[in-house]
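Please look over the chain shown here with its fold and its charged side chains in mind. The report below takes these topics in turn.

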Amino acid sequence: MRTALPFEQHRTSTGLVDVLDRVLDKGLLVAGDIRISLAEVELLTIRIRLIVCSIDKAQEIGMDWWRTDPHFSGAGGGKSLAENQELKRQIRTLERRLQEQSGGAVPSAARRLKRARRATRS
């Protein structure tokens with residue numbers, strides 16, 4: 001006895017592939033607001049906006065925030081590292097000047113930081 005189940009499963013998966021292809025090609029927007037009120041006083045409003053589309057379609061409609069966001073593009077990583085190194089250099093320069101003026105009695109920022117951390121732990 002044969003069943004039509006394998007054919008239906010194949011047909012459904014093909015349908016899902018077609019739907020997914022169409023959604024990514026054309027895009028899909030889901031928008032809605034959830035409002036919670038008590039005695040006609042609005043307590044909370046949640047605005048939901050969801051766009052599902054391909055990267056090509058997103059760029060076509062002007063949504064390319066991932067190119068400029070440093071967390072996604074990696075563009076900010078090098079800048080942060082260079083800025084961090086420059087700040088460390090400035091701190092060392094200031095520490096040297098301070099030690100020269102005080103006769104070398106001022107501990108470095110790293111030693112002061114370690115002492116402060118030890119003090120907060122105990």
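What follows describes the strands and helices, then the salt bridges, and then a charged surface patch.

The model is a predicted one, and its chain holds 6 helices and 2 strands, which follow one another along the sequence in the pattern α-β-β-α-α-α-α-α. Of the 122 residues, 5% count as buried.

Strand β1 (residues 28–38) pairs with strand β2 (residues 41–52) in the antiparallel sense over 11 bridges, and within this pairing L28 stands opposite V52 of β2. The hairpin of β1 and β2 has 2 residues between the strands, and A39 there takes a positive phi near 55°.

A search of the whole structure finds 5 salt bridges, among them the pairs in the table.

| Salt bridge | Closest N to O distance |
|---|---|
| R47 and D33 | 3.4 Å |
| R49 and D33 | 3.2 Å |

In terms of accessibility, R47 is exposed, with a relative accessible area of 58%, whereas R49 is partly exposed at 47% and D33 is partly exposed at 35%.

The residues E86 and R89 both lie in helix α5 (residues 75–102), where they are 3 residues apart, about one turn of the helix; E86 counts as partly exposed at 33% relative accessibility, and R89 is partly exposed at 40%. Elsewhere, salt bridges that share partners join D33, R47 and R49 into one network.

Finally, R111, R112, R115 and R118 form a positive surface patch. Of these residues, R111 is found in helix α6 (residues 109–121) and is partly exposed, with a relative accessible area of 45%.

Methods: Residues numbered from 1 in each chain as written. Predicted model: local features only at pLDDT ≥ 70, side-chain atom pairs only at ≥ 80, totals over all residues. Heavy atoms only, no water. Patch = residues over 30% accessible without salt bridge, like charges linked within 9 Å, V, L, I, M, F, W, Y side chains within 5 Å. Areas by Shrake-Rupley, 256 points an atom, 1.4 Å probe, with all protein chains shown as cover. Salt bridge = Lys/Arg side-chain N within 4 Å of Asp/Glu carboxyl O. Lys, Arg positive; Asp, Glu negative; His and termini not counted. Charge placed at Lys NZ, Arg CZ, Asp CG, Glu CD. Helix = DSSP H or I, 4+ residues; strand = E, 2+ residues; numbered from the N terminus. Buried < 20%, exposed > 50% of the residue type's maximum accessible area, 1.4 Å probe, protein only. Pairing = 2+ DSSP bridges.
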